Amino acid sequence: MNIAKVDLNLLVYLDVLLREGSVTKAANQLSITQPAMSNGLKRLRDLFKDPLLVRTSDGMTPTKRALELQPIIRDVLSRLESSIQPETDFDPLTSDRTFRIMTSDYAESTLLLELVGRLADLAPNITLDLITPSDVTFHDVEQGKVDMAINRFEELPLSFHQKVIWYDTFSCVMSADHPLVEKCNLEGYLSAQHIWVSKTGFGVGVGIDPNEVQKLGWVDAELTKIGKQRAIRVFTRHYHAALQIAKKQKLIATLPSKAARLFKHDPDVVIKEPPFDIPPIALKMAWSALLHHDAGHIWLRRLISDVASEMNAG
């Protein structure tokens, strides 16, 4: 195929079509008519000798060939966009930019707490807009409407850039007068009552079924492997709530160690190692290819990495 004969606008059409999964939405995104978008899809099908999008009961579904093309085309367009944009320097001291970051309660109370303090010194006019996972979709990040997502992810779209911020172990938090303080063994752990805390990924969360152990996450998955199950009495998505409840009630919160150490100087709280093995978890930051070459975004990513490294060293 002679590339000179290919209308490169079709690649833009395909990128938006695969992202939106709808001819109408893609047309609106590109500010063209629906017939023009439909004609573009027909030309794309002829070009790639593949239907690309097929109507199913779930709407317009991409074919295997389309899924293979999506990250390639997104990368090509991203590189092209960055190459034709004028280069601008980013000065954190004078910038008044707002960075929108989707972040879990865990990351917000640990990493972001330190980041805010660093920004006050290095970039006093920059604003952080911290958004919860329930307020954001993958599409928002992919479109660059949200600058970054910081969380623990099961999986991410291939089009995203990502970096591990740190790995964290788990700790048990309990009140200083909890019976398990003297002997935190597996038998005592299983006889106690617990607080479950977690929220990962994007989108609106749903209620928890205590009997669906396989869906409860890292702690309960490891207990299942050794044929055990803990008694969970409270389910929450907020780490500070879990810590406060553990402090005031006879309940144990088993959570990432960096969150547990928020209470390390509290005399009413004791932090113990779990009496069974739990693999470390990875906290990651993820961002759109659209922002990968943005000078301000690069600066923020480096700052986050520096802050995380210092927290790990400390």
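Guide: Let's start with pLDDT, the predictor's confidence in each residue, from 0 to 100. This is a predicted model, in which local features need pLDDT of at least 70, side-chain atom pairs count only at pLDDT 80 or more, and totals for chains, interfaces and linings use all residues. Residues are numbered from 1 along each chain as its sequence is written, and side-chain values use heavy atoms, leaving out hydrogens and water.

Visitor: What pLDDT does the protein average?

Guide: The average is 87, and 90% of the residues score at least 70. Helices (H or I, at least four residues) and strands (E, at least two) are DSSP runs, numbered from the N terminus. Among these elements, H4 has the lowest mean pLDDT (82) and strand E7 (residues 170-175) the highest (95).

Visitor: Where does pLDDT stay under 50?

Guide: Where pLDDT is low, the predicted coordinates should not be read in detail. Here that applies to residues 202-206, where pLDDT stays under 50.

Visitor: Which domains is the protein divided into?

Guide: Bounds come from an automatic or database domain assignment. They give domain 1 (1-82), domain 2 (96-166 + 280-311) and domain 3 (169-202 + 211-278).

Visitor: How much area do domain 1 and domain 2 bury between them?

Guide: Buried area is the accessible area (1.4 Å probe) that two parts lose on being put together, summed over both. For domain 1 and domain 2 that is about 780 Å², 57% of it on carbon and sulfur atoms. On the side of domain 1 that touches domain 2, helix H1 (9-20) and helix H4 (64-84) each supply at least two residues, and H4 gives the most, with 5 residues.

Note on methods
Contact means heavy atoms within 4.5 Å.
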